[in-house]
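Student: I would like to go through the side-chain contacts of this model with you. Could we begin with surface charge and then turn to ring pairs and salt bridges?

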Amino acid sequence: MAAEAISRALRDGALEGEHAPALTIKDSIHAPLGAFVFDHILAQLSSNISSSKSQAQLRIVDCYTDPLGWKIQLAESGIVSNRSTQNATTASLCKNVRDLDMLFSSIVELGKEVIRETKGRFAVAIDSVSEILRHASISSAASLLSNLRSHDQVACLFWLFHSDLHEMKASSALEYISSMVACVEPISNTANGKGMNSENVPLIEQNLGRGKFSVRFKRRNGRIRLMSEELHTEQMGINFVPAFEGHVTSQSLVPKVQFNLQLSEKERNDRAKVVLPFEHQGDGKPIQIYDGRRSVSESKTENKETNAEKMHVNEDSGRGEIIYIRDSDDEMPDSDEDPDDDLISDSTIFFLTVGILELLTN
Amino acid sequence: MMSSNSANNLLDEALGFNDECGGGGGGLLLLIEDRVETSGAFILHHLIKRRLSSPNRPNDVVVFLSFAHPFSHYDRILRKMGCNLGVQKENKRFVYYDMLNLNYPDGEKGAEDLLLSVYGKIQKTVELCSSREGYKNSTIMIDDISLMEVALCGSSNLVLDFLHYCYSLATQFDCLVIILNHEDVYSTVDVPSPLLQMEYLANIVIKAEPLATGLATDVHGQLTVLNKGICQGSGCSKSKIRNFHFRVKENCVEYFYPGSRT
């Protein structure tokens with residue numbers, strides 16, 4: 001499962017001589033489930049830390065309570081009380097999120113304090129990079145993430161990013177820095193931009209509770225591994241289930257009309273049994289249909305029979321007759337079948353045969 | 001069919017505020033999006049009345065930042081709805097900030113300092129109310145965000161900073177933040193619009209749109225209420241969407257599901 005693979009990669013941390021694994025969690029307003037995924041990953045990593053499976057210790061830098069230092073300024077001037085900042089989390093409070101160099105130093109200093117006794121490594125979770133990009137340029141934000149990733153004492157890091165809030169280059173820059181990119185997409189294609197009506201409300205509501213979860217893993221050797229599944233929100237978090245792509249695809253592509261456009265199993269079987277016009281020769285003899293995929297011997301037999309039929313036709317030339325030779329089976333549209341599949345099958349069999357001979361000789 | 005004067009109409013049900021007297025919704029941000037064809041101002045008026053008309057909440061306050069209209073405009077409308085804003089203002093339950101006639105300094109730094117000053121006043125007001133006995137919720141309202149952006153020399157970033165701080169105040173003091181913005185102002189913006197940032201930030205989004213079929217005399221538009229649900233210790237409630245029609249009358253608004261109006 002994709003989510004489990006992510007948790008394992010973050011848990012295992014950085015290998016010797018390699019940068020820390022970095023995860024981008026990407027979503028959009030039409031599938032706003034990225035925060036659920038972030039929380040899930042955070043909970044998994046915390047659980048791993050608690051059970052000492054991870055080399056990392058986890059802390060969060062609070063850039064939410066007073067990101068621009070307004071509350072501190074107001075408190076110092078006596079306009080408001082100090083309560084606002086006193087209620088902040090016990091983690092380090094960031095009072096100027098625009099200064100990313102200071103933010104980096106704060107993260108590293110806090111991390112070093114935490115791991116001083118254990119001499120381990122620390123993880124960094126950022127919720128969210130979209131908020132950082134409101135106050136800083138993409139190059140500064142990318143530099144921050146890259147510096148964190150390459151720091152000796154950072155075991156892993158992950159961040160949340162709303163892709164539709166930024167230009168494509170920002171999204172691409174972050175994906176280049178990441179070793180894993182987890183993307184949350186809508187489960188249903190709604191008629192975006194066509195206005196709201198009671199028909200697309202159920203689809204939009206569905207997208208608020210379910211989503212497609214696709215993960216791209218970038219391996220050290222450059223290979224890319226793709227995994228996908230579905231995620232469902234529940235009362236106590238989220239749940240990941242295998243994706244049923246056919247089901248999802250058919251839901252999104254088949255237009256909503258008042259008649260059924262798809263065939264049931266029985267209907268497909270019945271259709272296969274239907275004798276097409278011009279194949280029924282009506283002369284009392286068994287119906288002969290040419291099938292191009294049959295063996296040569298069968299086709300020879302057929303040819304003899306066909307020649308016999310032709311002779312019979314010539315003899316009965318007074319009657320009209322239609323000879324219909326079907327050149328291919330009825331193929332389903334958009335079939336993914338590879339016409340060379342039979343060749344592959346043959347090579348697989350060949351390989352197995354060789355293997356069996358070796359066993360026998362041994 | 002339900003009017004806005006009844007105890008619980010479709011809009012109140014969709015908002016899901018627990019308190020029958022119009023309270024609840026603490027720690028949330030509610031975004032109202034409207035268009036030229038369908039003004040969402042009536043939602044703002046409805047919520048003002050609901051927040052002020054609860055006799056069990058004498059210390060709750062509505063802090064109102066107006067960039068769009070003078071006080072007399074709201075006073076006249078709310079009087080027709082049975083709510084005397086003048087009296088509420090004297091009783092310090094309706095705190096009105098006239099943002100129209102402020103002297104806005106040039107440059108972003110000057111604008112930020114001004115916003116800091118306004119935010120300080122809001123925080124001070126909310127802190128004072130929260131210390132009183134019987135305090136339940138306060139409400140911060142902004143009408144409207146697009147004019148606020150104009151006043152701040154077009155800096156949408158400053159507007160978002162201000163909203164962020166109001167939201168942090170809301171979560172700390174159990175307030176409800178209500179903002180009104182115009183969707184079609186951003187329709188030609190090429191870069192990702194600040195309206196999208198607000199949609200991410202908001203817990204409840206109400207969209208007032210015209211009907212897909214166009215103008216009608218009996219139905220003035222449709223409302224879509226997206227309630228993202230809240231997360232508490234026991235878990236998260238499910239996100240819900242409601243869609244229904246409305247008709248604005250002289251003293252109230254009627255809400256009804258499509259096809260249910262006789």
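Student: Which residues gather in a patch of positive charge on the surface?

Tutor: This is a predicted model. In it, Arg8(A), Arg219(A), Arg223(A) and Arg225(A) form a surface patch of positive charge.

Student: Where is Arg225(A) found?

Tutor: Arg225(A) is in strand β7 of chain A, which covers residues 224-234. The residue has a relative accessible area of 34% and is therefore partly exposed.

Student: Now the rings. How many aromatic pairs are there over all chains?

Tutor: The count is 15 aromatic pairs over all chains. One of them joins Trp70(A) and Tyr165(B), whose ring centres are 4.6 Å apart with planes at 15°, so the pair is stacked. This pair crosses between chains, from helix α3 of chain A (residues 70-76) to helix α7 of chain B (residues 156-173).

Student: Are Trp70(A) and Tyr165(B) buried or exposed?

Tutor: Both Trp70(A) and Tyr165(B) are buried. For another geometry, take Phe244(B) and Tyr255(B): their ring centres are 6.0 Å apart and their planes are at 90°, so this pair is edge-to-face. Phe244(B) is in strand β11 and Tyr255(B) in strand β12 of chain B, so the pair ties together parts 11 residues apart in sequence.

Student: Which residues do ring pairs link into a cluster?

Tutor: The cluster consists of Phe64(B), Phe71(B), Tyr74(B), Phe94(B) and Tyr96(B).

Student: On to salt bridges. How many does the structure hold over all chains?

Tutor: There are 19 salt bridges over all chains. Among them is the bridge between Asp12(B) and Arg50(B), with the closest N and O atoms 3.2 Å apart. Asp12(B) belongs to helix α1 and Arg50(B) to helix α2 of chain B, so the pair links distant parts of the chain, 38 residues apart. Asp12(B) is buried at 8% relative accessibility, and Arg50(B) is buried at 16%.

Student: What does Lys80(B) meet in a salt bridge?

Tutor: Its partner is Glu250(B), at 2.9 Å from N to O. Lys80(B) lies in helix α3 and Glu250(B) in the loop between β11 and β12 of chain B, so parts 170 residues apart in sequence are tied together. Lys80(B) is partly exposed at 45% relative accessibility, whereas Glu250(B) is exposed at 59%.

Student: Which residues are linked in a network of salt bridges?

Tutor: That network links Arg98(A), Glu131(A) and Arg134(A) with Glu112(B) and Asp161(B).

How values were computed:
Residues are numbered from 1 along each chain as its sequence is written. Chains are lettered from A and ligands numbered from 1 in the order in which they are written. This is a predicted model: local features need pLDDT of at least 70, side-chain atom pairs count only at pLDDT 80 or more; totals for chains, interfaces and linings use all residues. Side-chain values use heavy atoms; hydrogens and water are left out. Patches are made of residues with over 30% relative accessible area and no salt bridge: like charges are joined within 9 Å, nonpolar side chains (Val, Leu, Ile, Met, Phe, Trp, Tyr) within 5 Å. Accessible areas come from the Shrake-Rupley method with a 1.4 Å probe; for residues, only the protein chains shown count as cover. A salt bridge is a side-chain nitrogen of Lys or Arg within 4 Å of a carboxyl oxygen of Asp or Glu. Lys and Arg count as positive and Asp and Glu as negative; His and the chain ends are not counted. The place of a charge is taken as NZ of Lys, CZ of Arg, CG of Asp or CD of Glu. Helices (H or I, at least four residues) and strands (E, at least two) are DSSP runs, numbered from the N terminus. Buried means under 20% relative accessible area, exposed over 50%, partly exposed in between (1.4 Å probe, protein chains only). Rings of Phe, Tyr and Trp (its six-membered ring) pair if their centres lie within 6.5 Å; planes under 30 degrees apart count as stacked, over 60 as edge-to-face and the rest as tilted.
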